[in-house]
Amino acid sequence: MKINTDGVLLGAITQADDPKTILDIGTGTGVIALMLAQKFANAKIDAVEIDESAAKTAGRNFENAIFKDRLNIYPSGIRTFFEEHPENKYDLIVSNPPFYINSLESPKEKKSLAKHSEVNFFEELAKDVSLYLADKGYCWLVLPLNTASLVMQSMTKNSMYLQRKINIHSYPHSAAHRIVLCFGFKEVSPEISKLTIYKAVGIYSEEYQKLLQSYFLAF
């Protein structure tokens, strides 16, 4: 099973009040969906993944899980998924979205893509969340810093408001490199906090270990 720090952080940090329906957008190999199935025992989870190979892996992981009856994989793009399931509403929506802009080496390519593909992707994501999230539901995302401000603007345009913001730091004195954001329909003063992954090189912090100990045997 392929995993990454962003995904497991989102799966572990995400909170909700006994959600019955969950949507994982861009599930990859299904790690976040599996973590949420473990955390929320009453939830049925739809996981959408456009990459065929990753979706097949997620399907195998789901089939081998004790939560398999509550997990569904949909090998399609999110737009196609919503077109095929227009009636769906979710108590919780999560996503560790692709960071297209970080994968390009050319500054010119990055600038062009930032103005087009990435902007369009997150504007569509914000619109979809606002349409398919239940009235009292929450949407949790993990994002790089340069994308977070764009997403917050897109969410606000769609009447989604920041509820929580967790700055993710590699080390106690390093700058944040990721942000976990929680959105909902209620306009509130957001709760802001931080989480540090390492207390020294190669040594995980106590807060990181505590956060993930329910999921990682090593902790």
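## Burial of helix α2

A residue is called buried when its relative accessible area is under 20%. In this predicted model, helix α2, spanning residues 31–39, is mostly covered, with 7 of its 9 residues buried. Those buried residues are Val31, Ile32, Ala33, Leu34, Met35, Leu36 and Ala37.

## Asp46 in strand β2

Strand β2 (residues 44–48) contains Asp46.

Apart from neighbours within four places in sequence, the residues in contact with Asp46 are Ile22, Leu23, Asp24, Asn72, Tyr74, Phe81, Asn88 and Tyr90.

## Positive phi in two loops

Asp18 is not a glycine, yet its phi is positive, about 45°. Asp18 sits in the loop that joins α1 (5–13) to β1 (21–25). With a relative accessible area of 36%, Asp18 is partly exposed.

Ser159, also not a glycine, has a positive phi of about 60°. Its place is the loop between α7 (145–157) and β6 (161–169). The relative accessible area of Ser159 is 39%, so this residue counts as partly exposed.

Technical notes
Residues are numbered from 1 along each chain as its sequence is written. This is a predicted model: local features need pLDDT of at least 70, side-chain atom pairs count only at pLDDT 80 or more; totals for chains, interfaces and linings use all residues. Side-chain values use heavy atoms; hydrogens and water are left out. Helices (H or I, at least four residues) and strands (E, at least two) are DSSP runs, numbered from the N terminus. Buried means under 20% relative accessible area, exposed over 50%, partly exposed in between (1.4 Å probe, protein chains only). Contact means heavy atoms within 4.5 Å.
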